[in-house]
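Keep the sequence and the coordinates at hand.

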Amino acid sequence: MTTTPSKSALLHDTIQHIDIKAFDVRPVVQAMGHMAFQARNLSRAATLYDAMLRDEKCGVILCLAGSLFSAGLKQVVVDMVRHRMVDAIVSTGALIVDQDFFEALGFHHYKGRADADDNALRELSIDRIYDTYIDEDQLRVCDATIAAIAAELEPRPYSSREFITEMGRYLETHAKTQDSVVLAAHRAGVPIFCPAFSDCSAGFGLVHHQWHRTGKPQVSIDSARDFLELTKCRLAMEDSGLFMVGGGVPKNFAQDIVVAADFVDRPVSMHKYAVQLTVADERDGALSGSTLREASSWGKVSTVHEQMVYGEATVTMPLVVGAAFHERGWTHRPERRLVDACR
Ligand SMILES: NC(=O)c1ccc[n+]([C@@H]2O[C@H](COP(=O)([O-])OP(=O)(O)OC[C@H]3O[C@@H](n4cnc5c(N)ncnc54)[C@H](O)[C@@H]3O)[C@@H](O)[C@H]2O)c1
């Protein structure tokens with residue numbers, strides 16, 4: 001008879017975040033540029049990202065989807081923020097709240113098994129993301145913290161960017177680690193937008209808030225305001241580049257701001273640079289795998305400096321960002337503090 005390991009035995013080995021500063025990947029990425037297929041595409045993506053960073057007129061928008069931070073990519077984004085390699089972030093809520101803010105509260109993601117007995121995990125209140133485990137009791141603390149932050153705010157509609165700013169403010173006094181995207185972005189004036197903010201731990205906190213304030217003024221999230229604020233960020237840049245990981249809502253939201261600027265009679269150029277690291281391909285016609293060339297037919301992305309890289313982000317992102325980090329094209333970039341353009 002097999003016995004199920006205890007919860008503490010299963011939640012033991014923590015996911016460690018990869019540190020792109022610790023090793024110089026440039027020789028590998030350069031060698032890949034003389035290969036074929038996705039190796040050459042990846043090498044070109046790294047060159048394009050470095051070009052974005054060296055282009056003095058270009059602001060960089062980072063778009064994130066997928067379970068990237070639970071998988072060990074959080075520190076990559078913390079370092080991008082701290083080294084002015086990104087000026088604005090558009091993300092899924094899960095990454096920002098369930099994964100980054102969650103870890104900032106002192107919790108961890110754990111190495112697990114993709115072939116785990118999910119019924120046994122359910123009994124133990126352990127949630128699984130492929131080969132990674134999360135303590136659901138700790139996620140509930142994250143949900144409750146969001147509700148507590150909402151309760152302290154003036155009841156009115158907020159953009160997700162405004163609410164995430166409040167999360168950053170909360171972490172200034174409560175964070176158990178300084179290595180948080182929300183905290184680093186708060187300090188650097190890098191706005192973070194989650195266009196579908198309620199589709200994550202934040203949603204549970206806000207449902208709790210609104211449920212208990214029925215009939216009274218409430219905090220709510222205004223996603224049109226998110227779009228307006230991100231459009232204002234684009235208007236504050238002369239040119240723009242997109243660095244996209246995954247696809248989904250953040251990809252389209254950021255691509256669309258050049259069209260929105262046109263729609264309010266403040267026309268701007270298409271995104272000058274675009275890189276996407278994804279596993280999605282274009283055959284289903286959906287947004288996540290739509291090519292960047294296709295986006296140019298919609299007036300969103302210029303076709304000159306664009307590169308799709310087909311591969312899983314835990315492999316591709318440390319290489320592309322690591323190569324650009326060690327090229328140091330970011331050294332002379334200004335701190336744009338686009339958060340000031342949002343108001
Ligand atoms: N992912 C989670 O664990 C999780 C948890 C709670 C809530 N949510 C919510 O679900 C919604 C969808 O989020 P999502 O993060 O699952 O994204 P998503 O399903 O929208 O991802 C879009 C696309 O990104 C690509 N992609 C995803 N992960 C990738 C990777 N590792 N490498 C390369 N490409 C990758 C895939 O092509 C995918 O179809 C969001 O609103 C989010 O807040 C997600």
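Q: In this predicted model, which residues of H3 are buried?
A: H3 covers residues 37–54. Burial takes 20 or more other C-beta atoms within 10 Å. The buried residues of H3 are Asn41, Leu42, Ser43, Ala45, Ala46, Leu48, Tyr49, Asp50, Met52 and Leu53.

Q: What covers the buried residues of H3?
A: The cover includes both helices and strands. Among the strands are E1 (58–64), E9 (239–245), E10 and E11 (301–310). The helices include H2 (26–32) and H14 (313–327).

Q: How many Å does H3 reach from its first C-alpha to its last?
A: H3 has 18 residues. At 1.5 Å a residue, 26 Å is expected. The reach of H3 is close to that, at 26 Å.

Q: Is H14 largely enclosed by the rest of the structure or largely exposed?
A: H14 has 15 residues. The buried ones include Ala313, Met317, Leu319, Val321 and Phe325. In total 11 of the 15 are buried, so H14 is largely enclosed by the rest of the structure.

Q: What covers the buried residues of H14?
A: Strands E9, E10 and E11 are part of the cover. Helices contribute as well. They include H2, H3 and H4.

Q: Is H4 roughly parallel or roughly perpendicular to H5?
A: The axes of H4 (residues 69–82) and H5 come within 11 Å. They cross at roughly 75°. Angles of 65 to 115 degrees count as roughly perpendicular. That makes H4 roughly perpendicular to H5.

Q: Which residues of H5 meet H4?
A: H4 brings Phe69, Ser70 and Lys74 to this contact. By class, the contact has 2 nonpolar, 2 polar and 3 charged residues. On the H5 side stand Leu95, Gln99, Asp100 and Glu103.

Q: Which element supplies the largest share of the shell around the ligand?
A: The shell divides into 9 nonpolar, 9 polar and 3 charged residues. H5 (93–104) and E10 (271–278) each supply at least two residues. The largest share is 3 residues, and it comes from H5.

Q: Which residues come nearest to the ligand?
A: There are 21 residues around the ligand. Those that come nearest are Gly66, Asp199, Gly246, Gly248 and Ala280.

Q: Is Tyr273 buried or exposed?
A: Tyr273 sits in strand E10. It touches Leu48, Ala51, Met52, Cys58, Gly241, Leu242 and His305, leaving aside residues up to four places away in sequence. With 24 C-beta neighbours inside 10 Å, Tyr273 counts as buried.

Q: How many Å separate Tyr273 and Phe243 in space?
A: In sequence, Tyr273 and Phe243 are 30 residues apart. In space the pair is described C-alpha to C-alpha. That distance is 8.2 Å.

Q: What phi does Arg84 take?
A: Arg84 lies in the loop between H4 and E2 (88–91). It counts as partly exposed, with 18 C-beta neighbours inside 10 Å. Most residues other than glycine have a negative phi. Arg84 has a positive phi, near 55°.

Technical notes: Residues numbered from 1 in each chain as written. Predicted model: local features only at pLDDT ≥ 70, side-chain atom pairs only at ≥ 80, totals over all residues. Near = placed C-beta within 6 Å. Helix = DSSP H or I, 4+ residues; strand = E, 2+ residues; numbered from the N terminus. Nonpolar A, V, L, I, M, F, W, Y, C, P; charged D, E, K, R; others polar. Axes fitted to C-alpha atoms, helices over the stretch in contact; angles between N-to-C directions. Parallel < 35°, antiparallel > 145°, perpendicular 65-115°, else oblique. Contact = placed C-beta atoms within 7 Å. Expected span 1.5 Å × (residues − 1). Buried ≥ 20, exposed ≤ 12 C-beta atoms within 10 Å, placed from the backbone.
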